[in-house]
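Reader: I'm new to reading protein models. Could you walk me through this one, step by step?

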Amino acid sequence: MSAILQPLLNLGSWLWGLLAAVVLWLFGQELAPSVLLAIKTLLLIVCIVAPLMIAVAYLTLWERKLIGWMQIRIGPNRVTFFGIRWLGGLAQPIADGLKLLVKEIIIPAGANKFLFVLGPIMAIMPALAAWAVVPFDAGVVLADIDASLLYIMAITSMGVYGVIIAGWASNSKYAFLGAMRSAAQIVSYEIAMGFALVGVLMAAQSLNLGEIVKAQAGGLGLLNWFWIPLFPLFIVYIIAGIAETNRAPFDVAEGESEIVAGFHVEYSGMTFAVFFLAEYANMILISTLCAIMFLGGWLSPVPFLADVAVIGWIFQDGFHWLFVKLFFVVSLFLWFRATFPRYRYDQIMRLGWKVFIPVTLIWIVVLGAWMQTPLWLWWRPL
C-alpha cells in the first residue's frame, strides 16, 4: 500500500467504524448490513467522481497554459482567488463552470427534446462508469472484477451512442454530418484499440487490470513494463485514444471551417458543458488506462531506490506514480493539439483501417511467437 494513501485509509477506517455503529443503532442488525453497503458504495463513487470532476476542470487550465507556453503566449492569468496576484488564472475553470451553469439551455424547435437531453447523458455516462474497475493502488479499486479489461472495452464503446443521438436529435444537417463523421471515426479506431488491448491480455495472461499491473512488477522498474515488448501497440493505443476522443489532429467531427462545430453545434449552457466534460474525462480515462496497461500503473520506475534514507518513500510503489504517468500521457494529448494540423477525413480513415489494424494484427502474431521463446524476458504464468 502506498505510504501516501495509508494515512487517509486509516482515517477512513476510523470514520467508517463510527458510521457503522450509528447505522447499527438506528436500523438494527437486520437492515444495517444492507444500509452500510449502500452508503459505502455511494461514498466510494463520490470519492472517485468528485476528484475526477476537479481534474477535468483544471485539465482545461493546464491545456490553455501549456499551449500558451508552446506558442509564446501567457494563457489565462486574470481570474484569481480573492485578488491574490500570484494565483492568476487558477480560478479560471471555476469561472468557466459558473458561466456555463447560468447560461440558458436552448432546445431547437424542430429537435426531439427527449433525445436532445439524453445525448449528453449518454456521452458522459461511459466516461464515469468505466472508473468502477480502475485500480488506483494495490487493492484500491471500487469493483475488483476478473474481467475488468473486458468491462472497460464494453462500457467505453457505448460513448458513440451519445454522439449519434445528439447529432440526430438536433434536427440540423451540420450536427448530423458531425455525428456521422465522429461515429465512423470512433468505430474505426475502436477496432485498432481493441487489438492493442489483446496484446496486453496476451502479455499479462489476465483480464484483471490489477493483475496486469502486477505482471509488470520487477526489480528493473520501467524495464519490466509492457511498453517495451508492446511498443507498437503502445503507440497505436495512444493515437487511437486521441482519435476516440475527437481531439486534434483527429477533430474533423468538430471542423469549424466545414460543419460549423460538429454534433453539438445546437447545444448551449450545461448541455454543452456535459459534452465538454465527457471529452476531458475520456482523455483522463484513456491516459490512466495507458499508464496501467503499458507503463506499470502505480509501480515505481526505480524500485531499487525505495530503501534510500529520507527520500526513499518517494520511490516506493504508490498512487503518486500512477498520477505522474497519467499526467505525462494526458499532456501528450495537449502537445499534439498544438503541433499537428487537422487531418483530412480520408487520411483519418486510411490511417485507422489500412495502417493501425494491420500493424496490431501483425504484432499480435509476432508477440505470440516471441512469448514461446527464451527471448521473452517479461512476466510468464506460473
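Reader: Is D96 buried, partly exposed or exposed?

Author: The relative accessibility of D96 is 22%. Buried would need a value under 20%, and exposed one over 50%. D96 therefore counts as partly exposed.

Reader: Which residue meets D96 in a salt bridge?

Author: The N to O distance in this salt bridge is 3.1 Å. The pair links distant parts of the chain, 32 residues apart, with D96 in helix α2 (residues 92-102) and its partner in helix α1 (residues 5-70). That partner, partly exposed at 38% relative accessibility, is R64.

Reader: About how many helical turns separate E211 and K214?

Author: Both residues belong to helix α7 (residues 209-214).

Reader: Which helix holds both D346 and R350?

Author: The side chains of D346 and R350 meet in a salt bridge at 3.3 Å, N to O. The two residues are four apart, about one turn of their helix. That helix is α12 (residues 345-370).

Reader: Which element has the lowest mean pLDDT?

Author: Across the protein chain, the mean pLDDT is 87. Helix α8 (residues 231-244) has the highest element mean, 94. Where pLDDT is low, the predicted coordinates should not be read in detail. The lowest mean, 64, belongs to helix α9 (residues 256-259).

Definitions and conventions
Residues numbered from 1 in each chain as written. Predicted model: local features only at pLDDT ≥ 70, side-chain atom pairs only at ≥ 80, totals over all residues. Heavy atoms only, no water. pLDDT = per-residue confidence, 0-100. Salt bridge = Lys/Arg side-chain N within 4 Å of Asp/Glu carboxyl O. Buried < 20%, exposed > 50% of the residue type's maximum accessible area, 1.4 Å probe, protein only.
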